[in-house]
Amino acid sequence: MTGTPTHCPYCALQCGMTLTDAGPGAPLAVVPRDDVPANRGGLCQKGWTSAEALTVPDRLTAPLAREAKGAPLRPCTWDEALDRIAEAALRLRGAHGPDAVAVFGGGGLTNEKAYQLGKFARVALRTSQIDYNGRFCMSSAAAAGNRAFGMDRGLPGPVTDLARADAVMLVGGNPAETMPPFMRHLADVRERGGALVVVDPRRTATARQADLHLRPVPGTDLALANGLLHIALAEGLVDEPYVAARTSGFEAVRTVANAYWPERVERITGVPVPHLREAVRLLARGERSYVLTARGAEQHARGTDMVGAFINLALALGLPGRPGSGYGCLTGQGNGQGGREHGQKADQLPGYRSISDPRAREHVARVWGVDPGSLPGPGRSAYELLTALGTDGGPKALLLFGSNPVVSAPRAAAVEERLAALDLLVVADFVPSETALLADVVLPTAQWAEESGTMTNLEGRVLRRRRAVAPPDGVRTDLAVLADLAGRLGAPGKWSDDPAEVFEELRAASAGGLADYAGITYERIEAEGGVFWPCPSEDHPGTPRPFLDGFATPDGRARFVPAEHGGPAEDVDGGYPVYLTTGRVLAQYQSGAQTRRVRALAEAEPGPFVELHPDLAERLGIADGADVRVTSRRGAATARARVTDAVRDDTAFMPFHWPGEGRANSLTNPALDPVSRMPEFKVCAVRLEPAAAE
Ligand code: SF4
């Protein structure tokens with residue numbers, strides 16, 4: 001096959017594809033690769049149509065700026081745009097200090113961009129105010145993984161290991177829609193006699209393929225996990241020798257689990273006792289089983305504890321740290337894993353290092369050629385940052401790359417208000433996203449197939465993305481924009497727009513950290529089809545299964561952490577009697593900025609909808625296809641009713657891909673997890689009524 005071998009622009013599976021020239025005026029042709037284990041020749045609808053996103057009619061090809069708030073965005077030169085940003089950043093820093101300018105990144109940025117963005121914030125702007133949209137996506141799994149294992153890394157091994165599992169329990173994930181080729185791996189489990197258990201309040205496309213589907217009330221996952229552990233204890237299914245040899249802290253968890261007897265858990269979760277028992281027996285029937293979590297377990301105000309409770313279950317059954325077995329997180333965004341490893345998180349430096357660790361600061365400062373004392377400390381997390389914008393003591397300017405928080409942030413109307421109140425909002429994007437349309441300066445940037453870089457997929461495998469076409473005239477790469485701006489700001493150190501050079505620096509900066517990329521080179525990725533981190537030297541084979549010889553904790557033992565069920569931050573009541581849960585659909589991706597512009601995807605899923613149960617619809621007088629007004633304590637949205645018994649009769653579901661009247665995130669609750677600072681996207685209280693009644 002001639003053409004350019006690369007990977008899909010969207011989700012964390014990072015399916016392999018080859019892009020070939022399809023002739024003058026035609027989009028690049030997409031051909032799936034069968035040499036990439038993640039997708040083995042499969043792609044979903046988003047992947048098949050991904051090349052069309054390169055040539056959408058409203059592609060940005062010139063910088064835009066408005067002369068004053070309220071004035072229209074007009075084309076300007078790159079010099080005008082970048083001078084204006086640098087002048088404002090220096091002026092605001094002089095007047096209010098370095099934290100007056102903030103940076104916001106994205107989990108879809110390549111490792112090189114995420115790294116350069118973090119360095120740009122700390123060295124060129126000297127601001128502590130940087131975070132990214134991955135905080136909304138997987139941070140609770142990251143926090144729980146770090147707490148239990150001393151390290152957070154997606155799946156515990158290659159995706160192909162799944163095939164030999166005796167059972168897989170998937171909690172709060174719907175890969176049949178979010179990453180369909182992943183279903184091939186789950187199908188392998190079942191074809192070999194293994195069982196698939198899905199935990200989800202909705203009967204999703206994934207749940208329909210399960211041997212057992214548990215449908216808990218939204219927000220009760222912690223009680224469910226504790227209840228499953230109770231049954232494991234009662235039925236003698238706990239792997240006591242493993243617990244004694246490889247873990248610590250089990251007694252406290254055992255004490256908590258004792259209080260979650262099956263009938264009590266059925267009352268809290270709505271899951272029948274026989275289903276609880278069957279789930280545990282399936283999971284414990286062999287030595288090789290997996291507990292996997294995704295956004296449904298993570299996006300809660302107690303998300304870290306919820307994920308932690310499922311990790312407790314996996315540890316009690318002796319699963320983590322054994323080949324072909326363990327706990328894992330299905331990361332979401334394309335570089336959801338790598339994006340959190342290289343410094344665009346408020347509290348981290350490259351290599352997954354804590355920004356508060358003096359030795360980490362010294363190491364990274366040496367690579368960057370600056371004084372460790374000049375590096376700022378930790379900043380605000382994503383939602384806290386967005387809602388501090390323009391307030392007294394909050395940032396006055398924001399530079400935003402690869403994110404669209406006007407659609408994707410919780411309580412989005414409040415975020416929109418804060419963005420509009422800034423002295424300067426700069427958005428780098430390739431289309432006029434809803435957030436870009438609010439900006440004072442818009443920078444047109446290259447995307448995916450127009451530039452090179454690396455991505456780290458859900459397995460922890462570092463992959464090469466390759467440039468297949470030149471970007472349109474007038475467009476620059478994010479790396480070039482950051483390097484240019486660093487120069488205009490008089491930043492010390494070296495700044496490159498060449499991904500290969502930036503990756504070399506990233507290798508040095510990550511060396512010795514948890515996410516150690518020191519031994520990974522572009523050449524090795526090329527030759528080996530990807531390299532798993534940690535990989536501390538060029539003669540190291542990489543680490544596909546990191547916990548076989550011990551966990552990354554100081555004593556090598558995994559840690560149990562007890563947690564009691566407490567329910568969602570906002571429960572239903574007489575005024576708001578229905579749970580709302582949000583999620584994604586097959587034909588759209590994240591805030592929809594890319595996929596809503598691709599014709600076939602827009603036709604497949606043209607607009608917002610709300611799923612509600614037939615009994616609830618009848619009680620409320622709502623017909624299938626009618627417009628429904630959904631109201632929470634934070635706002636309202638209108639969407640088309642889909643009446644279906646796939647949802648519980650106490651729960652409505654809305655996907656979050658659309659802006660405007662149908663924006664699900666007008667409703668969501670920004671209550672934050674105390675550890676991960678992740679908002680509670682997965683449950684809030686709403687009322688529904690026919691739209692005409694408003
Ligand atoms: Fe792209 Fe994910 Fe679909 Fe694969 S599953 S084609 S990576 S969106």
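This is a friendly dialogue about reading the features of one predicted model.

Reader: Where should I start with this predicted model? How is the protein divided into domains?

Author: Welcome! The division gives domain 1 (4-55), domain 2 (64-136 + 335-532), domain 3 (139-329) and domain 4 (578-693). Notice that domain 2 is written as two segments, 64-136 and 335-532.

Reader: Then let me go to the ligand. Which residues are closest to the ligand?

Author: A shell is read by listing the residues around the molecule. Here 14 residues surround the ligand, and the closest are Cys8, Cys11, Cys15, Cys44 and Gly47. By class, the shell divides into 10 nonpolar residues, three polar and one charged.

Reader: What can I read from the contact between domain 2 and domain 4?

Author: Start with who touches whom: 17 residues of domain 2 are in contact with 20 residues of domain 4. On the domain 2 side, the elements giving two or more residues are helix H15 (382-388), helix H16 (405-408) and helix H17 (412-420). H16 provides the largest share, three residues. That side of domain 2 holds nine nonpolar, four polar and four charged residues. As for separation, the C-alpha centres of the two domains are 30 Å apart.

Reader: What does Phe310 touch, leaving aside residues up to four places away in sequence?

Author: Phe310 touches Val171, Ala225, Val291, Thr293 and Ala297. Keep Val291 and Thr293 in mind, as both belong to one covered face of strand E12.

Reader: Is E12 enclosed or open, and why?

Author: Count the buried residues along the strand, then look at each face. Five of the five residues of strand E12 (residues 289-293) are buried, so the strand is largely enclosed by the rest of the structure. Ser289, Val291 and Thr293 cover one side, and Tyr290 and Leu292 the other; all are buried.

Reader: Which strands run beside E12?

Author: Strand E8 (residues 167-171) runs parallel to E12, joined by five bridges. Strand E13 (residues 326-329) is also parallel to E12, with four bridges. Thr293 makes a handy landmark: Val171 stands opposite Thr293, and Thr293 in turn stands opposite Cys329 in E13.

Reader: How does E18 pair with E4 and E17?

Author: E18 shows both senses. Strand E4 (residues 64-65) pairs with E18 in the antiparallel sense over two bridges, where Ala65 has Val441 as its partner. Strand E17 (residues 424-429) pairs with E18 in the parallel sense over four bridges, and Ala428 stands opposite Leu443. Both faces of strand E18 (residues 441-444) are covered, with Val441 and Leu443 on one side and Val442 and Pro444 on the other, all buried.

Reader: Which backbone details deserve a look?

Author: Tyr352 has a positive phi of about 60° although it is not a glycine. Tyr352 sits in the loop between strand E14 (348-349) and strand E15 (353-354), and is buried, with 24 other C-beta atoms within 10 Å. Gln590 also has a positive phi, near 45°; Gln590 lies in the loop between strand E23 (578-583) and helix H21 (599-604). Finally, a cis peptide bond joins Trp533 and Pro534, with omega about -5°.

How values were computed
Residues numbered from 1 in each chain as written. Predicted model: local features only at pLDDT ≥ 70, side-chain atom pairs only at ≥ 80, totals over all residues. Near = placed C-beta within 6 Å. Nonpolar A, V, L, I, M, F, W, Y, C, P; charged D, E, K, R; others polar. Domains from an automatic or database assignment. Contact = placed C-beta atoms within 7 Å. Buried ≥ 20, exposed ≤ 12 C-beta atoms within 10 Å, placed from the backbone. Pairing = 2+ DSSP bridges.
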